Amino acid sequence: MLLFNDLTRKREEFVPITPGKVSFYSCGPTVYDYFHIGNARPFIVFDVLRRWLEHEGYKVTFVQNFTDIDDKMIHRAHQEHITVAELADKFIAEYNRDADALGIRRPDVSPRATEHIPEIISTIEKIIANGHAYVSEGDVYFDIRSWPKYGSLCKQNLEDLEAGARVEPGEKKRDPLDFALWKAEKPGEPSWPSPWGKGRPGWHIECSAMSSKYLGDNIDIHSGGVDLMFPHHENEAAQSEAASNSGKPFVNYWLHNGFLLIDSEKMSKSLGNFLTARAAIEKYPPLALRFFMLSAHYRSPINFTPESLEQSSAGVERLRNCKGDLDFAAKTRRNDSASFDVDGYKSQLQELDKKFSDAMNDDFNTAAAMGILFDVVYLINTTMKDNETLPGEFFTLSQNALKGYDDILGVIGSDEAENDDAEIESLIQERTEARKAKNFKRSDEIRDELKERGIVLEDTPQGTKWKREL
Ligand code: AMP
Ligand code: ZN
């Protein structure tokens, strides 16, 4: 698999540290509010990358943190008159609710910064012992001048970086680019005891400490939005490598997703174009939101507009109609004696499958892969149209193909999670009988009841077809 590595700015063959295994850390949300539709992009795309690596046979350990202590958390908790821990608990639960609705699989480990204070302290102690950090009136700062590699991820020289750096009021650092590993206690803020007095961790150190705890000092993949490349990821790399002092890189492949724009503008509360994932899910089908996120290459910017979401909904609808027609035909049109060229069909599917894999292995090009999925749908639809009867193998092959793609992309959706199929089918059966007996009052009642439950019926010569509305 080729992956564009931001460390080298090149497409590189992905070679894991341990054959067959992938250690993967993705920066997670700061849980001071609902996450927004821009945050949803890394959560969705890197979940799909994780699924793809698993599909390719790797045993993936996927870690995504919750940042549950920082300035925004403290400020918000004050506003709400609750503790920072209460705020975190609330928005971790809300994160899980929205992420589940978006079909984002839960990580193997979801560590919280405040539950890793001992690991954070010991990481800072190692950095100090190795001569790359200093204590200043209860704060601890990373000494970037002691770290010649500083700037190697964001590819900027120190002079340019210095020009953009500032010393905030109250900071006691030697160089504007030095960054806090530990911040001395301030009144009204949560704090923990440490060798440098009571205080709390800086933002970047949690990812270094937790990544090393769960995945080791040298990991395969680390991901996040492109805004995190500097300073967050630059600082993480400096901290982790300064702590381990092993000469090995913290991360072998750095991946960053492009930004999501709304109507071609940067999303911001002040522009009034801010959209939470929760609000988006209420407005658009979650499958359409996933479809939208995967319809562009993950490194390109992506533009969220009502039109693009309508197109995504229509795309999902086409995929689901194909699956619905296929499932219905499998029940009504099966004919094992048909003279259908199963081997020819199988090799057409295999050819498309190869193209799908090639796209996914070409720097994780989900946009191209989705195009191939539509070629598969076209093949299934035309085959059903051109053949009166089809053998069971056609249906098994086609259903397995769609399920396989959906296990990776999650844009078709299975209805298996909902256990009311049998009940719906028995109501449809009752409606068919009522219609035969000319009891139209009852048959209409059943149609209406099903409609209310989001079930749409279509009467065909082969019987009544049904599907769930998006
Ligand atoms: P945060 O909670 O702000 O740390 O963000 C969580 C993740 O969302 C990080 O990987 C960010 O880089 C990413 N992110 C934030 N805003 C956007 C956006 N507009 N488009 C894409 N990714 C974003
Ligand atoms: Zn991070």
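This is a predicted model: local features need pLDDT of at least 70, side-chain atom pairs count only at pLDDT 80 or more; totals for chains, interfaces and linings use all residues.

Author: Residues are numbered from 1 along each chain as written, chains are lettered from A and ligands numbered from 1 in the order written, and side-chain values use heavy atoms, with hydrogens and water left out.

Reader: How many disulfides does the structure hold?

Author: A disulfide here is a pair of cysteine sulfur atoms within 2.5 Å. Take Cys154: the closest cysteine sulfur is in Cys27, 15 Å away, so that is too far for a bond. The total for the structure is zero.

Reader: Is Cys154 buried or exposed?

Author: Buried means under 20% relative accessible area, exposed over 50%, and partly exposed in between (1.4 Å probe, protein chains only). Cys154 has a relative accessible area of 11%, so it counts as buried.

Reader: Which residues coordinate the zinc ion (ligand 2)?

Author: Donors are N, O and S atoms within 2.8 Å of the metal (3.2 Å for Na, K and Ca), and water is not among the atoms, so sites may look incomplete. Here the donors sit at 2.0 to 2.5 Å, with the spacing C-x179-C-x24-H-x3-E along the chain. They are Cys27 (SG), Cys207 (SG), His232 (NE2) and Glu236 (OE).

Reader: Why is the arrangement around the zinc ion (ligand 2) what it is, and what is it called?

Author: Four donors count as tetrahedral if all angles lie between 85 and 135 degrees; four count as square planar and six as octahedral if opposite donors are over 155 degrees apart and all others between 65 and 115; anything else is irregular. Around this zinc ion the four donor atoms subtend angles of 68 to 131°, so the arrangement is irregular.

Reader: On to ligand 1: how far is its oxygen atom from the side chain of Asp227?

Author: A polar contact is a pair of N or O atoms within 3.5 Å; within protein, one must be able to donate a hydrogen and the other to accept it, and residues adjacent in sequence count only if both atoms are side-chain atoms. A polar backbone atom of Leu260 lies 2.8 Å from a nitrogen atom of ligand 1. For Asp227, the distance from a side-chain N or O atom to an oxygen atom of ligand 1 is 2.4 Å.
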